[in-house]
Amino acid sequence: LLLGDDRINMETINTGDTLGRTPLHLAVAGGLTNVCTLLLNNIDLGAVMHARDFMGKTARDIAEEMASEMAQLLPPGAHQLCAAAATGDVAACMAILTHAGFSTAEINATSSLDEKDQTALHVAALGGHASVCDIFLSDQRFTKVHIMDSKNKTARDLAESLGHIGVVSLLPPGAHQLMQSLWAAGVAGFNAREAASATTAA
């Protein structure tokens with residue numbers, strides 16, 4: 001009935017409560033499949049389908065925790081992509097990336113559930129999953145190649161630290177690698193000058 005009320009607009013239906021829970025969050029948490037379906041079928045929710053509550057959870061995350069069938073009604077997001085990337089599941093990653101409800105923002109988003117602030121590329125690089133990394137890099141929507149996680153590490157930094165050479169070869173160098181190169185060049189130059197001075201003195 002409320003959906004037919006002229007006073008109900010996009011801003012109203014997309015507004016979260018004090019805990020960041022949208023009507024979609026609440027419908028899923030309450031196990032109200034009919035309400036969830038009604039919201040999805042009658043309102044262009046857009047990015048709100050991926051809205052996160054105060055714990056960083058989307059409606060889909062909550063549905064999966066509850067092992068609810070409603071999870072299949074909701075589009076996958078960054079958390080689901082990170083989970084697939086962690087296991088190196090190429091097919092699952094492709095299915096998520098090509099899902100009609102998957103948004104551009106989600107491929108670049110960090111997963112806030114573990115407080116590591118890592119993108120799916122970070123996770124794939126950490127596991128040494130070169131094929132998955134290649135999929136992300138080939139997707140024109142992915143633009144956060146050099147983004148750092150909560151410990152100021154890029155995906156390439158993580159791959160290098162663990163010796164995942166195949167992944168490192170795919171990822172472009174960033175500021176850290178540039179600084180390391182400049183430092184190495186500076187040290188090499190200093191050593192060369194010291195050696196030349198020693199030779200001249202002798």
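## His50 in its loop

In this predicted model, His50 sits in the loop that links α3 (33-42) and α4 (59-65). Its relative accessibility is 7%, so His50 counts as buried. A polar atom of the His50 side chain lies 3.1 Å from the backbone oxygen of Gly101.

Gly101 also turns up among the contacts of His50 beyond four places in sequence, along with Thr58, Pro75, Pro76, Gly77, Phe102, Ser103 and Glu106.

What does Asp53 touch, leaving out residues up to four places away in sequence? The list is Leu19, Gly20, Arg21, His25 and Ile62.

Asp53 is buried but has no salt bridge. The nearest side chain of opposite charge is Lys57, and that is 6.4 Å away.

## Where the salt bridges are

Side chains of opposite charge can pair when their charged atoms come close. The model has five salt bridges. One of them joins Lys57 to Glu65, at 2.9 Å from N to O. Lys57 is buried because its relative accessibility is 16%, while Glu65, at 53%, counts as exposed.

Helix α4 holds both Glu64 and Arg60, four residues apart, or about one turn of the helix. These two form a salt bridge, with their closest N and O atoms 2.9 Å apart. Arg60 is buried at 13%, and Glu64 is partly exposed at 38%.

Asp139 and Arg141 make another salt bridge, at 2.8 Å. Here Asp139 is buried at 15%, and Arg141 is partly exposed at 24%.

Notes
Residues are numbered from 1 along each chain as its sequence is written. This is a predicted model: local features need pLDDT of at least 70, side-chain atom pairs count only at pLDDT 80 or more; totals for chains, interfaces and linings use all residues. Side-chain values use heavy atoms; hydrogens and water are left out. Helices (H or I, at least four residues) and strands (E, at least two) are DSSP runs, numbered from the N terminus. Buried means under 20% relative accessible area, exposed over 50%, partly exposed in between (1.4 Å probe, protein chains only). A polar contact is a pair of N or O atoms within 3.5 Å; within protein, one must be able to donate a hydrogen and the other to accept it, and residues adjacent in sequence count only if both atoms are side-chain atoms. Contact means heavy atoms within 4.5 Å. Lys and Arg count as positive and Asp and Glu as negative; His and the chain ends are not counted. A salt bridge is a side-chain nitrogen of Lys or Arg within 4 Å of a carboxyl oxygen of Asp or Glu.
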